[in-house]
Amino acid sequence: MSEKERFRYGGNRVDVEWDGRLCIHVGECGRAKGELFVGGRKPWCAPDLVSPAEVVDVVQRCPTGALTYHFKDAESAEKPDEENSLTVSSNGPYFVRGDLKLEGANAPGLAFRAALCRCGRSKNKPFCDNSHEEAGFKDSGAVGETGEPLAGTGGPLRIVPLKNGPLALTGNLTIRASSGRVAWTGTRVALCRCGASNNKPFCDGSHAKIGFSDQ
Ligand code: SF4
Ligand code: FES
């Protein structure tokens, strides 16, 4: 990623960073009321025009992790949601939140929010880059299985993109269907990222049949 794709907007107590490689223009930032983000203004983001609490609130709405905030004092650093959750969006990516440990090439390691490719077409795997739109990827985001009861909701959630195969997730996880319904809970799951499973969002081995390559 070139440095031009990352911008840091400085404030007295807190900076906001935008990572263009991760942004898929969902628009939560632009829709937020207030002066933090104003389209067409230079700078687009002005952390000192709102309270630090508002910076935190608006930045944490960004479902991709493209926006992050950085307080000058380490004690106010972002903390993960108390629940690790993954929402299967309609015709789009997995939106994951929580105490994420993203492994594999191209992944940042620790993260709190991410949009992960499930159509198989992203040029920025494991992240979504909106290629599902061009590819005409269709899946309603319904979830048919229920999993196992959870003893807890948080803690580290390890996410490993297996070579030419699914995303392997290990840790407490709640999966929501695109409707918002809590559909599945469990601590170990393989989720389709080739776009071909007949049991989405779960991997059913179809990646081998279609010769899925994650390159
Ligand atoms: S909320 Fe995040 S992903 Fe959405 S447009 Fe803003 S920065 Fe991009
Ligand atoms: S990754 Fe899609 S079926 Fe396995």
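This is a predicted model: local features need pLDDT of at least 70, side-chain atom pairs count only at pLDDT 80 or more; totals for chains, interfaces and linings use all residues.

Student: Okay, which domains does the assignment give?

Tutor: The domain assignment gives domain 1, covering 3-73, and domain 2, covering 85-210. Their centres, taken over C-alpha atoms, are 25 Å apart.

Student: And how many residues does each bring to the contact?

Tutor: Domain 1 contributes 7 residues and domain 2 contributes 11 residues. On the domain 1 side, the residues touching domain 2 are 4 nonpolar, 2 polar and 1 charged.

Student: Switching topic: what is the strand order in the open sheet?

Tutor: The order is S1-S2-S3, and the pairing is antiparallel. From one strand to the next, the twist averages 20°.

Student: Why is one side of S1 and of S3 left without a neighbour in the sheet?

Tutor: Strand S1 (6-9) and strand S3 (67-71) stand at the edges, and each has a single partner strand, so one side of each has no neighbour in the sheet.

Student: How many bridges join S2 to S3?

Tutor: There are 5 bridges between S2 (residues 14-19) and S3. For instance, Val16 has Tyr69 in S3 as its bridge partner.

Student: Which helix lies across S2 and S3?

Tutor: That's helix H2, residues 52-59, which runs at about 150° to S3.

Definitions and conventions:
Residues are numbered from 1 along each chain as its sequence is written. Chains are lettered from A and ligands numbered from 1 in the order in which they are written. Domain bounds come from an automatic or database domain assignment. Two residues are in contact if their C-beta atoms, placed from the backbone, lie within 7 Å. Ala, Val, Leu, Ile, Met, Phe, Trp, Tyr, Cys and Pro count as nonpolar, Asp, Glu, Lys and Arg as charged, and the others, Gly among them, as polar. Two strands pair if DSSP finds at least two bridges between them. Helices (H or I, at least four residues) and strands (E, at least two) are DSSP runs, numbered from the N terminus. Axes are lines fitted to C-alpha atoms, for helices over the stretch in contact, and angles run from 0 to 180 degrees between N-to-C directions.
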